[in-house]
Amino acid sequence: MYAERVLSGMRPTGRLHLGHYHGVLKNWVQLQNDYPCLFFVADWHALTTSYDSPEVIADSVWDMLIDWLAAGVDPEKATIFIQSRVPQHAELHLLLSMISPVGWLERVPTYKDQQEKLAHKDLSTYGFLGYPLLMSADILLYRADKVPVGEDQLPHVEFTREIARRFNHMFGREPGFEDKAKEAVKKLGGKKAKLFEELRKRFQQEGDAAALEQGRVLLKESGSVGHEDLERLYGYLEGSGKTILVEAGALLTEAARMPGLDGQKMSKSYGNTIFLREEPDVVSKKIRTMQTDPARVRRTDPGDPDKCPVWQFHLIYSDDDTRKWVQQGCRSAGIGCIECKQPVIDGVLREQVAMRERAQPYIEDPSLVRRIVAQGCERASALAEETMRDVREAMGLSYR
Ligand code: TRP
Ligand code: SF4
C-alpha cells in the first residue's frame, strides 16, 4: 500500500486559455489541498506529435508554467516539474516497452483517431505508437494512484493499469518471496506476528474480508518494519506478490462546458479563445463582439439563450438572479445583447485580476519560475528513483 498521490501532466502548447482554466487547472488547484500532487510539463509528449516543430517547446513551457502559477497552483503544496528533466521517465518507458505487446498499443483508441485527425503529419512513428506507454511510465514512476484526466485520456489510464498488472505478474514474485515474507513477519514482533499469521490464514482460507482489513490496519500501524518488508507483507497477506507498480485510478475531470467565443469548444486552433492573462480591454472587446443568437437581428427581435454562446458564459460566471434577468430579458427583447454581455465581461475580468496579480512576480523575475521547477525536479527525481530501484532489481538489472 502506498500513500495517496495525484499526478497529472500537460503538453506545452503555448499560452493557456479559459478552457484550460475551467477544464483542468481549477481542478488541480482543488486537489493540491487534499493530496500530495505532482504536476508536470509533458515536453516529451509534445514531441510525439510535433517532432517537426521542436521550437514550440521552449516558446511554450515558461509561459505555461506562469499560467499554472497564475491559476493558483501552489509550489508550496504541489510538486511542479518538467518531464525531460527527470530522465527516469525515459528509463521506465524503455523497460516497460520490453513487456508491452504491440497489439495493445495499436488498439488504444487514440492511436488511429489521432492519425486520422492529424493526417497532415506523418504519425507512423515508433514514438507516436508508444505515446500511451510513455504516459504509463509517467504515472507508474510516481506510484500515483489518482490521475486527473479528461475523458479522452481515460483509455490511457486503463492501459496503464493493464501494464502495471502485467509487470507485477511477471516480476512481482521475487526469488525466495515466501521466505523473505516469513522473515518479515517475525520482525513484526511476537504478538503481532502471531495475530498477522492468523488474519492471513482467515483471509486466504476462508475469504474473510474483515480479517484482510484488520491485517492491513495492523501493517499500517507497525512502525518498526522497513518499506521493502512492508510491501512483502501486504503481498503476503493478500496472496499476491510484491506490488512493485501501483494500479492507478483515473479521476475523471468533468468536462466543464467552457465554450469558445463562437460556441464551439474553446481551442486555439478555432481562434475562439480568451487567454488566461489577456489584456482587460482585449477581453472586453472579444466578448462585446462575440456571436449571439443569430435570430436576434434587431434589438426588438426576441432571442433564445439556448442558441447563444453568451448564455454558456452566464452559466459559468453569473448568479441565479442574473441568469433569470437574461432569460426573461432575452426572450422578451427586454434587454439588448450588449447589456446582456456586461455581467459576463465583469465576471471574466474579476476572475483574471487575481491571476494577473499572481503572475506578476514571475513575469518580473523569471528566475523564480526556474527555481520552482528546479526544486520540483529534485523532489520528483527522488520519488522516481525509489521506484526505479525496485524496477531495476525486479528486471534483473541490479547485478554487480
Ligand atoms: N497525455 C496527456 C495529454 O496529452 C498529458 C499527460 C502526459 C498526462 N502524461 C500524463 C496526463 C500523465 C496525466 C498523467 O493531455
Ligand atoms: Fe444572447 Fe444575451 Fe443577446 Fe439573448 S440577450 S441573444 S442571451 S447575448
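## Charges and a covered strand

Asp-52 has its place in the loop between helix H2 (43-50) and helix H3 (55-71); helices (H or I, at least four residues) and strands (E, at least two) are DSSP runs, numbered from the N terminus. The model is predicted, so local features need pLDDT of at least 70 and side-chain atom pairs count only at pLDDT 80 or more, while totals for chains, interfaces and linings use all residues. Residues are numbered from 1 along each chain as its sequence is written, chains are lettered from A and ligands numbered from 1 in the order in which they are written, and side-chain values use heavy atoms, with hydrogens and water left out.

**Exercise 1.** Work out whether Asp-52 is buried or exposed, and find which residues share its patch of negative charge.

*Solution.* Start with the cut-offs: buried is under 20% relative accessible area, exposed is over 50%, and partly exposed is in between (1.4 Å probe, protein chains only). Asp-52 comes out at 52%, so Asp-52 is exposed. Next, look around on the surface: Glu-55, Asp-59 and Asp-63 gather with Asp-52 in the negative patch. Patch members need over 30% relative accessible area and no salt bridge; like charges are joined within 9 Å, nonpolar side chains (Val, Leu, Ile, Met, Phe, Trp, Tyr) within 5 Å.

**Exercise 2.** Find which parts of the chain the Arg-331 and Asp-306 pair links.

*Solution.* Check the bridge: the closest N and O atoms of Arg-331 and Asp-306 are 3.9 Å apart. The pair links distant parts of the chain, with Arg-331 in helix H16 (residues 320-331) and Asp-306 in the loop between helix H14 (280-288) and helix H15 (309-317), 25 residues apart. Arg-331 is partly exposed at 41%, and Asp-306 counts as exposed at 55%.

**Exercise 3.** Decide which side chains of strand S4 (residues 146-149) lie on each side.

*Solution.* In a regular strand, side chains alternate between the two faces of the sheet. Here Lys-146 and Pro-148 take one side, Val-147 and Val-149 the other, and all are buried.

Conventions. Areas by Shrake-Rupley, 256 points an atom, 1.4 Å probe, with all protein chains shown as cover. Salt bridge = Lys/Arg side-chain N within 4 Å of Asp/Glu carboxyl O. Lys, Arg positive; Asp, Glu negative; His and termini not counted. Charge placed at Lys NZ, Arg CZ, Asp CG, Glu CD.
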